[in-house]
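Open the model in your viewer and keep the selection panel at hand.

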Amino acid sequence: MNTKLKQKNKSNSPFEKLGRWIGILLFLFLWSNLHATDPNPPFKGKRGGVFYMPEQAGQLTFGLVVGNESKWLSETRSRKSSVVKNIAGACLYEIGDPLLGKGTLLFTVVPLKDSQGVIVEVEGRQLPSGTFLLWSHGGASGAIHPAGNEPAVKPEDCIYNVFSVEESALTLYYGESMNLKVIQAVMPVTSDIRLADERQKESPLVYFHSGKKTGTPSLAGLLPLQEEKKEYFCVYRQNERADYNRFMLPALFEQLTIPFASLLRNFKSDHSLKGGENEK
């Protein structure tokens with residue numbers, strides 16, 4: 001009995017009590033940071049491959065083109081659609097559709113650390129020949145809305161958008177002349193890039209061929225996809241620590257995903273689509 005009492009007193013020494021309290025406080029600190037909500041997130045995503053910057057600094061939208069058929073990702077019928085959140089702020093989207101046959105597209109979306117922005121990795125698996133990814137960039141107005149109440153981009157938001165394209169590096173100038181703002185982007189170099197009419201978005205192909213003579217311009221790109229070749233997109237606000245080109249994006253993506261690389265690999269492996277019937 002005395003032995004048990006001595007052991008109990010030893011386990012409750014001031015130093016061990018202090019150590020336990022430090023451990024509890026550290027756990028609470030890490031938990032609160034892991035689940036903290038950023039009041040001004042670097043991007044927002046919607047199911048269906050639509051991503052937009054806060055303060056209405058533009059929207060990045062994706063669509064599928066196979067032969068003469070096309071549809072926006074928001075219209076796809078996924079066989080098994082999955083969205084992963086709260087892994088260091090990253091999301092993973094998995095797209096399957098009859099247009100792709102047994103093929104799938106994996107989108108991994110990661111916020112940047114050194115800038116308000118996002119990097120997107122796209123990888124195709126078992127894609128039919130002649131598969132293209134259509135991307136649309138624009139719709140920046142600078143309007144500020146209550147958090148969580150940002151409206152979808154409207155054609156009117158494109159009126160004051162001016163684009164500069166140098167190979168795969170894009171600059172979007174927006175706002176009125178006395179309050180001009182800038183957002184940067186880097187797209188895959190094999191994209192066929194052109195101006196398009198934001199009002200003509202009935203389908204990706206209609207939009208891509210809509211022509212540049214419009215008062216509501218946005219930028220369209222048609223990217224040929226190759227089996228298991230990873231393509232990268234980046235939209236960001238340039239600063240002294242964030243000035244990217246296409247050669248930097250794979251390493252940047254790898255660096256940002258180091259904390260959850262194994263989780264990402266496991267998720268891609270576990271949720272790769274193997275064919276089968278489509279879910280509605």
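How many helices and strands does the protein have? Colour by secondary structure: there are five helices and 15 strands. Keep in mind throughout that this is a predicted model.

**Whole protein**

Colouring by burial instead marks 45% of the 280 residues as buried. If you draw contacts between residues at least 6 apart in sequence, 61% of them join residues at least 24 apart.

**Helix α4**

Next, select residues 249-256, which form helix α4. Which residues of α4 are buried? Show the side chains of Leu 249, Leu 252, Phe 253 and Leu 256. These four lie on the same side of α4, because they cover an arc of only 100° around the axis.

**Salt bridges**

Hide the helix side chains and turn to the charged residues. Side chains of opposite charge can pair when their charged atoms come close.

Select Glu 123 and Arg 125. They form a salt bridge whose closest N and O atoms are 4.0 Å apart. Is Glu 123 buried or exposed? Its relative accessibility is 8%, so Glu 123 counts as buried, the cut-off being under 20%.

Move on to Glu 156 and Arg 199, another salt bridge, with 3.6 Å between the closest N and O atoms. Glu 156 is in the loop between β9 (131-140) and β10 (162-166), and Arg 199 is in the loop between β13 (192-197) and α3 (204-208), so this pair ties together parts that are 43 residues apart in sequence. Glu 156 is partly exposed, at a relative accessible area of 39%.

For the last stop, select Glu 198 and Lys 201. In this salt bridge the closest N and O atoms are 3.0 Å apart. Colour the two residues by accessibility: Glu 198 is buried, with a relative accessible area of 9%, whereas Lys 201 is partly exposed, with a value of 22%.

Notes:
Residues are numbered from 1 along each chain as its sequence is written. This is a predicted model: local features need pLDDT of at least 70, side-chain atom pairs count only at pLDDT 80 or more; totals for chains, interfaces and linings use all residues. Side-chain values use heavy atoms; hydrogens and water are left out. Helices (H or I, at least four residues) and strands (E, at least two) are DSSP runs, numbered from the N terminus. Buried means under 20% relative accessible area, exposed over 50%, partly exposed in between (1.4 Å probe, protein chains only). Contact means heavy atoms within 4.5 Å. The arc is that of the directions from the helix axis to the C-beta atoms. A salt bridge is a side-chain nitrogen of Lys or Arg within 4 Å of a carboxyl oxygen of Asp or Glu.
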